[in-house]
Amino acid sequence: MPRVKRGTGRRDYRKKTLRLAKGYFLTKSKLNRAAQEAVEKALRYGYVGRRLKKRNFRSLWIVRINAACRTADISYSKFVSGLKRAGIDLNRKVLADLAVNDASGFLTLVEKAKAAHKAQVQ
């Protein structure tokens with residue numbers, strides 16, 4: 001079997017892993033095998049976390065919109081349904097921002113949603 005000379009590949013691989021593991025506890029920042037396992041796990045957590053972040057923000061926006069809707073005597077579901085029927089196409093991020101920062105603008109949307117919802121019910 002021929003001899004394999006690794007060249008700089010092995011060193012580069014290890015340096016990259018140890019650079020990513022900088023600051024980890026004990027051998028996880030010193031030894032290649034332990035560092036590699038720790039880095040792989042951290043990258044998995046990061047991947048999952050980026051998706052959870054999206055889920056959490058959507059949930060927060062819905063809570064804020066619902067709270068603003070309840071003060072205007074309409075439920076969240078009726079509000080969203082009314083907006084769709086009125087042809088107002090705003091995402092939850094924008095609606096939540098309006099609910100927090102522009103109460104009068106949000107109330108105009110609520111009135112339009114209520115009117116569209118009542119027209120659909122009758």
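Biologist: Let's start with Asp73: does this residue count as buried or exposed?
Modeller: Bear in mind that this is a predicted model. The cut-off for exposed is over 50% relative accessible area. Asp73 comes out at 68% relative accessibility, so it counts as exposed.

Biologist: Which backbone oxygen does the side chain of Ser29 reach at 3.2 Å?
Modeller: Ser29 is in the loop between α1 and α2, and it is buried, with a relative accessible area of 15%. A polar atom of its side chain lies 3.2 Å from the backbone oxygen of Leu26. The side chain of Ser29 also reaches, at 3.2 Å, the backbone oxygen of Tyr24.

Biologist: Which residues does Ser29 touch, not counting residues up to four places away in sequence?
Modeller: Ser29 is buried, and contact here means heavy atoms within 4.5 Å. Leaving out residues up to four places away in sequence, Ser29 touches Leu18, Ala21, Gly23 and Tyr24.

Biologist: On to α3: why do its buried residues line one face of the helix?
Modeller: The buried residues of α3, which spans 76-86, are Tyr76, Phe79, Val80, Gly82 and Leu83. Seen down the axis, they line one face because they fall within an arc of 160°.

Biologist: Which exposed residues does the face of α3 turned away from its buried side carry?
Modeller: An α-helix has 3.6 residues a turn, so residues three or four places apart point the same way. The face of α3 turned away from the buried side carries the exposed residues Ser77, Lys84 and Arg85.

Biologist: What do the buried residues of α3 pack against?
Modeller: Tyr76 and Leu83 are among the buried residues of α3. The buried residues of this helix pack against α2 (32-71), α4 (92-101) and α5 (103-121).

Biologist: Which residue just after α3 takes a positive phi?
Modeller: Helix α3 covers residues 76-86. Just after α3, a positive phi of about 80° is taken by Gly87.

Biologist: Now the rings: what is the distance centre to centre for the aromatic pair of Phe57 and Trp61?
Modeller: A search of the whole structure turns up two aromatic pairs. Phe57 and Trp61 form one that is tilted, with 40° between the planes. Its distance, centre to centre, is 6.0 Å.

Biologist: In which helix do Phe57 and Trp61 both lie?
Modeller: Phe57 counts as partly exposed at 39% relative accessibility, and Trp61 counts as partly exposed at 21%. The two are four residues apart, about one turn of the helix, and both lie in α2.

Biologist: And what is the angle between the planes in the pair of Phe79 and Phe106?
Modeller: Phe79 and Phe106 form an aromatic pair at 5.2 Å centre to centre. Phe79 lies in α3 and Phe106 in α5, so the pair ties together parts that are 27 residues apart in sequence. Phe79 counts as buried at 0% relative accessibility, and Phe106 counts as buried at 3%. The pair is tilted, and the angle between its planes is 45°.

Biologist: Which residue lies over the face of Tyr47?
Modeller: A charge sits over a ring if CZ of Arg is within 6 Å of the ring centre and within 35 degrees of the ring normal. At 4.0 Å from the ring centre, the residue over the face of Tyr47 is Arg51.

Biologist: Last one: what separation do the C-alpha atoms of Asn66 and Lys5 have?
Modeller: Asn66 is found in helix α2 and is partly exposed, with a relative accessible area of 26%. Asn66 and Lys5 are 61 residues apart along the chain, and their C-alpha atoms are separated by 64 Å.

Definitions and conventions
Residues numbered from 1 in each chain as written. Predicted model: local features only at pLDDT ≥ 70, side-chain atom pairs only at ≥ 80, totals over all residues. Heavy atoms only, no water. Buried < 20%, exposed > 50% of the residue type's maximum accessible area, 1.4 Å probe, protein only. Arc of directions from axis to C-beta. Phe/Tyr/Trp six-rings, centres within 6.5 Å; stacked < 30°, edge-to-face > 60°. Polar contact = N/O pair within 3.5 Å; in protein donor to acceptor, adjacent residues only side chain to side chain.
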